[in-house]
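Visitor: I have the structure open and would like a short tour. Please walk me through it.

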Amino acid sequence: MRFFSGVLLLPCFVASVLGIFKDDAYHTDWHIPLIGPSLPTSTFFHQPNQDSKASLIYSLTDRSILAAINPKDGELVWRQQLKESAVNVARAGNGVVVSATGTSVSSFNAGNGRLVWENAFSQNVVDLRITPANKVAVLFADGVVRLLDDKSGDVAWEWRELDSTDVPLSLHVTKSTLTVASQSLKKLWVSTIDLATGKSTSSTTHISTAADIPAKHQAHHGDELLSWTEESGRTLKFVALPSTTPASVAIPNDVVETVLLSSKDDVVVHFKTHGESWAHVYKVDAKGVASEVYAVRPRLGAHSAISLNSAGGKTYLVWTLPNGETVLYDVAKEEALASYTLINATEIDPRHSVSEVVPRPDGTSFAVRTFVSSAAPGFVGDSYLIRNGELAWSRKESLVSVVASTWIELLDPSTEEIVEELDAETHKSVGAAYVHRVTRHLNELSLYGPAWIQALPQRILGGFVNKGTEMPTGKWRDFFGFRKFVIVITAEGGVAAIDVGRNGEVVWQASLVNAGEKFQGVSGIYEVRKGHVGIVCTGGSYVEYNAFDGIEVLKQDFTPSVLSTAQVDTQGGKKIIIALLSNNKAIALPMGVDAEFDSVHLTVKDSTRSIKGIRVSPNLISSPTWTFVPPVGESITTIEGRPAHDPVASIGRVLGDRSVMYKYLNQHMIVISTVNPTAATASIYLIDSVSGSILHSATHAAVDVTQPIVATVSENWVIYSYFSDEAAEGTAKGYHLVVLELYESEFKNDRGSLADADEVSSFKGAGKPHVLSQSYVFPSAVKAFAVTDTKQGITSRDILALLPGTQGIYSIPKRVLDPRRPVGREPDAAEKEEGLFIYTPVIEIDPKSIITHKRKVMGLKKVVTTPSQLESTSIVFAYGGDLFGTRVAPSLAFDVLGKGFGKIQLVATVVGLTIASFMVAPMVRKKQINARWSL
């Protein structure tokens with residue numbers, strides 16, 4: 001008997017081994033690292049070291065990120081966030097990549113991205129070059145040239161012969177000299193420096209008396225080439241150093257952009273008009289005289305890119321056209337060597353490119369790969385790698401500049417297919433509707449029943465082995481609602497749909513601007529109805545897209561520009577957008593829709609000294625209702641309001657003694673922060689946006705007003721952060737988190753002045769709340785706050801703090817930031833039952849609560865949340881630099897079984913106990929009978 005019991009229980013022990021819980025990190029979250037649009041003169045193919053057979057793509061971007069990209073798959077090998085600056089330069093050296101941003105010069109190992117050395121100076125860097133000996137020559141804004149050691153970054157020598165009237169422009173390297181180009185008294189001058197000694201080798205020579213400074217067209221300076229424009233951009237001139245005799249090229253009148261490239265003694269001038277582009281190839285002889293070799297015939301398309309590459313003693317020209325077609329030339333021959341048509345052609349609209357050409361042994365074919373940065377309207381900076389006419393990979397670098405977003409609910413496949421059937425039932429009598437439903441069920445049973453029964457064993461087996469279900473595609477959501485679209489808008493006017501349930505996949509993209517137009521910003525983005533997103537552009541336009549496929553449904557233009565927007569529900573249950581224009585008139589969007597709505601109250605920031613409340617009546621007449629002007633010396637920094645979806649599960653807080661404190665719930669409450677630089681103070685104002693009344697205010701002293709003040713509002717509480725620069729009385733130096741909780745009364749079981757009201761109403765006088773507050777010292781700055789959002793608001797809230805120092809998102813349970821935590825004593829029994837614990841002034845960062853885990857996310861600026869179909873789970877999306885998405889369960893996943901749940905163990909236990917009971921039952925009965933006979 002013991003043997004059989006052991007055999008039956010054996011599967012339980014095996015299952016316990018298989019049922020060990022796994023950490024969900026890196027399974028329910030995803031991360032897309034981005035670097036931003038690459039800079040033309042700081043992007044290149046380069047071998048990490050002399051022994052390397054393959055090259056990497058190195059790029060310094062306008063986000064001051066230096067990165068190495070694997071040309072094989074587009075993955076980042078490494079990246080470094082540098083100090084943000086208006087001037088960014090990167091050059092390739094032997095085994096290193098040297099960059100300059102602002103006043104700093106840094107050298108990084110080309111293979112792993114580790115910092116070799118860094119040197120900071122007092123002046124900004126203008127240009128940087130690598131000498132043949134691998135040393136670093138740097139030109140600074142004050143005209144000083146310094147040669148830095150390649151191993152340590154120490155200064156070897158300095159050259160200081162430009163005077164205060166000279167404006168340094170560029171630096172050029174030849175075999176044994178450096179040439180400095182500068183501008184003075186409307187003349188272009190060159191000075192030559194000996195590389196070994198740092199002394200001038202000759203007197204300063206002027207080579208132009210009418211140079212356009214800055215140049216009217218894009219002129220890329222090479223190591224041995226200096227270029228400029230004259231006659232207001234109608235003439236291009238260049239000099240092959242050390243010669244001072246310029247070559248002159250006339251720029252046609254319809255040319256809008258000119259790009260000059262050079263490789264050794266080969267020079268290419270690339271012309272672009274609004275409709276076509278072409279190029280001229282020049283050869284520079286030993287005396288520095290340039291002569292034209294041939295011209296590449298014009299091709300349609302304004303956006304094309306040309307790059308030069310030297311291989312096998314030859315220089316190759318690679319021309320990438322707007323449709324991705326690549327044409328290869330030898331600069332010595334006019335006839336094209338090869339042409340590659342892009343398979344699955346797409347409009348790439350090249351902005352600039354770099355190429356690598358490898359001749360094959362047969363001498364007639366080539367391996368050509370080209371890295372292209374796009375100039376597509378709305379998506380400037382998207383990167384592509386084209387390999388012999390095949391699009392190898394792409395990177396959505398334009399999404400680094402996302403400035404606005406909204407969530408889109410996907411369709412439930414179990415209900416959407418019968419929407420019309422259910423709608424038909426509502427228009428029938430009860431009896432007819434019942435017959436219709438029974439008939440529909442019978443039809444569905446015959447249609448779907450066999451397939452369901454056939455798939456049942458596979459579903460059961462998959463459930464036992466914890467086999468994950470594949471996330472659906474298209475417009476359908478999954479069973480738990482983890483799959484949603486987030487529609488984002490870039491700073492350049494691009495619109496993209498990102499699938500947060502499928503690891504950030506870009507589903508579709510569209511542009512709000514045409515080529516050559518400048519995007520003026522977005523005033524609002526909303527889900528206007530099921531499957532449709534409406535976008536209000538600041539410049540004066542409304543665009544509506546099908547959120548599932550990106551097809552433009554509607555576009556309306558209006559004037560003047562937009563100040564503020566709000567989405568409201570009409571009396572018929574539809575949603576419309578109210579836009580307040582700069583002429584203080586209001587319109588309803590989409591225009592032409594007749595809808596009745598209640599009055600709308602908008603908040604508009606007039607300036608850093610004034611905020612206005614505007615009421616828009618049902619007949620679209622706007623009128624100011626209140627004005628907030630802070631005290632003299634204060635300026636307004638931030639305005640925050642409650643989110644549109646902020647469900648409240650309970651109107652009161654139940655205390656440990658079963659009494660209730662009623663929450664002050666005001667949907668119209670906004671938080672305004674102000675700073676006073678003279679007094680070094682920061683003030684917080686809670687204001688009713690309908691009446692304009694100040695509900696509460698607080699002022700903090702010894703505040704560093706240069707640091708941002710960030711706030712968030714939810715339910716009946718407000719959380720904000722600031723930096724205290726000096727220890728004032730009762731405060732500590734450092735970052736502070738302050739929590740405010742608002743109640744209707746300071747007494748338990750009392751609603752104060754609202755005792756007879758069903759709810760707080762701004763129209764009837766909301767009264768003043770009772771405010772509890774507490775402050776905590778936090779070890780990091782906070783760039784943005786977000787609050788977890790669930791369907792019913794039952795789950796405990798977490799505050800998500802975006803930490804720029806650690807480049808992560810920290811999840812703080814709301815109960816940690818509770819102003820009712822007892823100070824200086826242990827909580828009593830009632831307080832413990834309520835979940836309170838003793839107050840500690842410092843909140844430490846627990847690495848386990850960083851939801852980005854060990855991921856190195858960069859540049860995040862905002863975090864948004866949305867509920868899933870599970871009450872326990874909130875979906876998180878962060879943007880502004882990298883893209884990051886995850887799911888969080890503040891109260892743990894109480895409504896779904898975890899991946900490690902031992903289903904096999906449970907079933908084996910039940911089956912084993914059932915079999916054992918049947919085997920033991922006869923023995924028990926026999927024992928009972930024997931016991932009775934023995935009496």
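Visitor: Which residue in E51 is the bridge partner of Ile672?
Guide: This is a predicted model, where local features need pLDDT of at least 70, side-chain atom pairs count only at pLDDT 80 or more, and totals for chains, interfaces and linings use all residues. Residues are numbered from 1 along each chain as its sequence is written, and side-chain values use heavy atoms, with hydrogens and water left out. Strands E50 (residues 669-676) and E51 (residues 681-688) run antiparallel, joined by 8 bridges; strands are DSSP runs of at least two residues, helices of at least four, numbered from the N terminus. In E51, the partner of Ile672 is Tyr685.

Visitor: Which strands stand at the edges of the sheet?
Guide: The open sheet has 4 strands in the order E47-E50-E51-E52, with antiparallel pairing; pairing takes at least two DSSP bridges. Each edge strand has a single partner, so one side of each lacks a neighbour in the sheet. They are E47 (635-641) and E52 (694-700).

Visitor: Is Asp29 buried or exposed?
Guide: Asp29 sits in the loop between helix H1 (2-18) and strand E1 (30-32). Its relative accessible area is 4%. Buried means under 20%, exposed over 50%, partly exposed in between (1.4 Å probe, protein chains only). Asp29 is therefore buried.

Visitor: Which side chain makes a polar contact with the side chain of Asp29?
Guide: A polar contact is a pair of N or O atoms within 3.5 Å; within protein, one must be able to donate a hydrogen and the other to accept it, and residues adjacent in sequence count only if both atoms are side-chain atoms. At 3.1 Å, the partner is Arg855.
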